[in-house]
Amino acid sequence: MRLQKYNTFEALLVSDTFENLTFSCFPLQHPAPPQTSPAGSPAGRAAPVPSPSCAAVAFRSLLAADLRFSRQLGVCAGERSAWGSARPLLRLLEVSGHGVPWLAGTLYGLGRSESPAGREVLLNLLFALVLDLVLVAMVKGLVRRRRPTHNKMDMFVTISVDKYSFPSGHATRAAMVCRFVLHHLVLAIPLRVLVVLWAIIVGISRVMLGRHNVSDVAFGFIMGYMQYNVVKYFWLSPLSAPALFAVWNQWNQ
Ligand SMILES: CC(C)=CCC/C(C)=C/CC/C(C)=C/CC/C(C)=C/COP(=O)(O)O
């Protein structure tokens, strides 16, 4: 077995060929060859061969399609790629969805804000951004899916788990921030559309840059969308967290 060498996703892909999987999935159409007894097993009894379920076959096929499709979409993965000249623009988008500018901007805003309402929103945005970093790091560390092989690891400020790609941290942040901004900022409709477009383009650019597979970004969008529900549930306010706001007010006097 070669499985130890691979991470969770790759192990699922290399553990069998597609033909063998189809074979095991539909035994009536393709009768299985007789199994030989391995050394040490009772004579005459076939060794149990685990056959993957149809769900596992479907999952592996989807993952294989995901890898293939993502590679095709990675048109800005390098300067010499098909759309390599657009790479600097996409890297700018990468910075626009990165954790550091969002954290720095929120902290700066908190320091400058003079209205209690503004401070409350920014404090919750800070909570949301930190929560996002923690949750994404946990899932990345748990799943440990490697970034696509065509990715050039030249990303702006990363932490250790960022060698993994599932889910896309940019996609979670973009989706969560998008919902947050749409709920808490009064914006004209064109600006609201722009915020949604930004989130979508940040997600697509991750695949085009070769940083992610499509499934990393799709899951990232779903996860980021749901993270906003967590932020909403634990919304920090003078009523829900009086001690925090008392300390905050004292510190700012
Ligand atoms: C800016 C301030 C005040 C503090 C910074 C604290 C700090 C170092 C936070 C970590 C931010 C960071 C490195 C986030 C990671 C962003 C990143 C590279 C995500 C990966 O995204 P992905 O889409 O490629 O998964």
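How many residues does α8 have, and how far does α8 reach from its first C-alpha to its last? I started my notebook with that helix. I counted 20 residues in α8, and its first and last C-alpha atoms are 28 Å apart. That is close to the 28 Å expected at 1.5 Å a residue. A reminder to myself: this is a predicted model.

**Overall layout**

I then stepped back to the whole chain. I found 10 helices and 0 strands in the protein. Of its 253 residues, 25% count as buried. I also looked at contacts with a separation of 6 or more, and 70% of them join residues 24 or more positions apart.

**More on α8**

Which residues of α8 are buried? I noted Ala-199, Val-202, Gly-203, Ser-205, Arg-206, Val-207 and Met-208. These buried residues pack against α3, α4 (87-96), α7 and α9. Just after α8 I came to Gly-210, which takes a positive phi of about 85 degrees.

**Helix α9**

My next stop was α9, residues 214-233. At 1.5 Å a residue, its 20 residues should span 28 Å, and I read 29 Å between the end C-alpha atoms, which agrees.

The buried residues here are Ser-215, Asp-216, Val-217, Gly-220, Phe-221, Met-223, Gly-224, Gln-227, Tyr-228 and Val-231. I jotted down a general point beside that list: an α-helix has 3.6 residues a turn, so residues three or four places apart point the same way.

What do the buried residues of α9 pack against? I found α3 (54-73), α6 (116-143), α7 (169-184) and α8 (189-208).

- Pro-167 is found in the loop, and I noted that the peptide bond from Phe-166 to Pro-167 is cis, with omega near 0 degrees.
- Arg-144 lies in the loop too. Its phi is near 50 degrees, a positive value in a residue other than glycine.
- Val-157 is another residue of the loop, and has a positive phi of about 30 degrees although it is not a glycine.

Is Val-157 buried or exposed? I wrote down exposed, because 10 other C-beta atoms lie within 10 Å and the cut-off for exposed is 12 or fewer.

**Checking the record**

Last, I opened the UniProt record, an unreviewed entry. Under "transmembrane region" UniProt lists residues 89-110, 122-143 and 180-204. I compared two of these stretches with the model. Over residues 89-110 I read 91% helix and 0% strand, with the end C-alpha atoms 30 Å apart. Over residues 122-143 the chain is 100% helix and 0% strand, and the end C-alpha atoms are 31 Å apart.

Conventions. Residues are numbered from 1 along each chain as its sequence is written. This is a predicted model: local features need pLDDT of at least 70, side-chain atom pairs count only at pLDDT 80 or more; totals for chains, interfaces and linings use all residues. Helices (H or I, at least four residues) and strands (E, at least two) are DSSP runs, numbered from the N terminus. The expected span of a helix is 1.5 Å times one less than its number of residues. A residue is buried if 20 or more other C-beta atoms lie within 10 Å of its own, exposed if 12 or fewer, and partly exposed in between; C-beta atoms are placed from the backbone. Two residues are in contact if their C-beta atoms, placed from the backbone, lie within 7 Å. UniProt positions are given in the numbering used here, feature names are shortened, and annotations may be inferred rather than shown by experiment.
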